[in-house]
Amino acid sequence: MADKKVIMIAHKGYSGKYPENTALAFRMAGEHGSGGAETDVRYTTDGVFVTHHDDEVRYADGTVMRISEHTFAALSAKPLKNDVTNDEVYLTTFKEYLEILKVYNMVAFIELKGAYPKEKVKAVFELAAEVYDLSRCILQSFDFDNLLEARALFPTLPLMWTYGRSESHYERCFEHGFSIDVDQYVVTQEMIDDFHAHGLEVGVWTVNDEDRVSLFKAMGADYIESDFYC
């Protein structure tokens with residue numbers, strides 16, 4: 001399936017060249033021409049959704065704070081540790097991420113990190129609908145039950161099961177209409193063809209080798225996540 005249009009997704013923003021999950025990384029992905037940007041979302045004690053992979057936030061002054069134990073004001077009061085560029089960067093809100101992606105019309109790959117009760121899942125995607133467009137957002141999760149809950153709350157929200165090396169029985173996605181985001185070392189041509197036969201999409205993560213990017217394009221992947229080739 002060569003020459004199929006593939007959407008390149010900047011993993012945690014343009015994280016190969018800029019500090020991951022920051023407004024700078026998202027903006028530079030847009031400037032670079034990325035088709036989308038993936039991010040991880042957590043929430044603070046006062047309910048602000050932020051883009052950060054780990055619960056711990058490391059700062060330029062050497063201190064560490066936990067997102068789950070502090071307010072957004074406290075967490076965003078000083079610059080983050082940045083070993084990638086000379087820029088001063090701060091903890092970014094999910095709202096700002098959405099606003100940046102809207103400017104560049106990018107697809108939003110969204111992974112909810114940590115425990116997400118039903119009301120928080122509802123709040124995250126109500127915000128996405130308000131700021132951007134749910135049709136341009138894709139919820140990803142390793143937890144199949146999270147996807148089932150999101151489907152009940154938002155029937156039209158695109159959903160992807162994040163599928164790694166320890167997973168099996170991807171065929172259960174077909175019953176629920178879930179697309180799949182697959183570890184690059186697990187994806188097969190048969191899997192891609194199966195999902196396409198069911199009218200569903202396939203993403204591949206996280207591909208930082210140019211030859212393998214070309215391989216997955218030729219195999220017909222719909223999305224490829226990368227830190228560099230985005």
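Start by selecting phenylalanine 178, which lies in the loop between helix H6 (172-176) and strand E9 (179-183); helices (H or I, at least four residues) and strands (E, at least two) are DSSP runs, numbered from the N terminus. You are looking at a predicted model, where local features need pLDDT of at least 70 and side-chain atom pairs count only at pLDDT 80 or more, while totals for chains, interfaces and linings use all residues. Residues are numbered from 1 along each chain as its sequence is written, and side-chain values use heavy atoms, with hydrogens and water left out.

Is phenylalanine 178 buried or exposed? It is buried, because its relative accessible area is 0%; buried means under 20% relative accessible area, exposed over 50%, and partly exposed in between (1.4 Å probe, protein chains only). Now show what surrounds phenylalanine 178: leaving aside neighbours within four places in sequence, its contacts (heavy atoms within 4.5 Å) are Phe144, Leu147, Leu148, Arg151, Leu159, Cys173, Phe195 and Leu200. Leucine 147 is 31 residues away from phenylalanine 178 in sequence, yet the two are 8.2 Å apart, C-alpha to C-alpha.

Next, select strand E6 (residues 107-112), where 6 of 6 residues are buried. Val107, Phe109 and Glu111 point one way, and Ala108, Ile110 and Leu112 the other. In a regular strand the side chains alternate between the two faces of the sheet.

Strand E2 (residues 36-43) pairs with E6 in the parallel sense over 6 bridges, and two strands pair if DSSP finds at least two bridges between them. Look for glycine 36 opposite valine 107. Strand E7 (residues 137-141) is also parallel to E6, over 4 bridges, with phenylalanine 109 opposite isoleucine 138.

Now bring in helix H4 (residues 118-131) and helix H3 (residues 94-104), which pack at about 35° with axes 10 Å apart; axes are lines fitted to C-alpha atoms, for helices over the stretch in contact, and angles run from 0 to 180 degrees between N-to-C directions. Their contact takes in Phe94, Lys95, Leu98, Glu99 and Lys102 of H3 and Val124, Leu127, Ala128 and Val131 of H4.

Finish at glycine 13, in the loop between strand E1 (7-10) and helix H1 (23-32). Glycine 13 is buried, as its relative accessibility is 0%. Beyond residues up to four places away in sequence, glycine 13 touches Ala25, Phe26 and Glu38.
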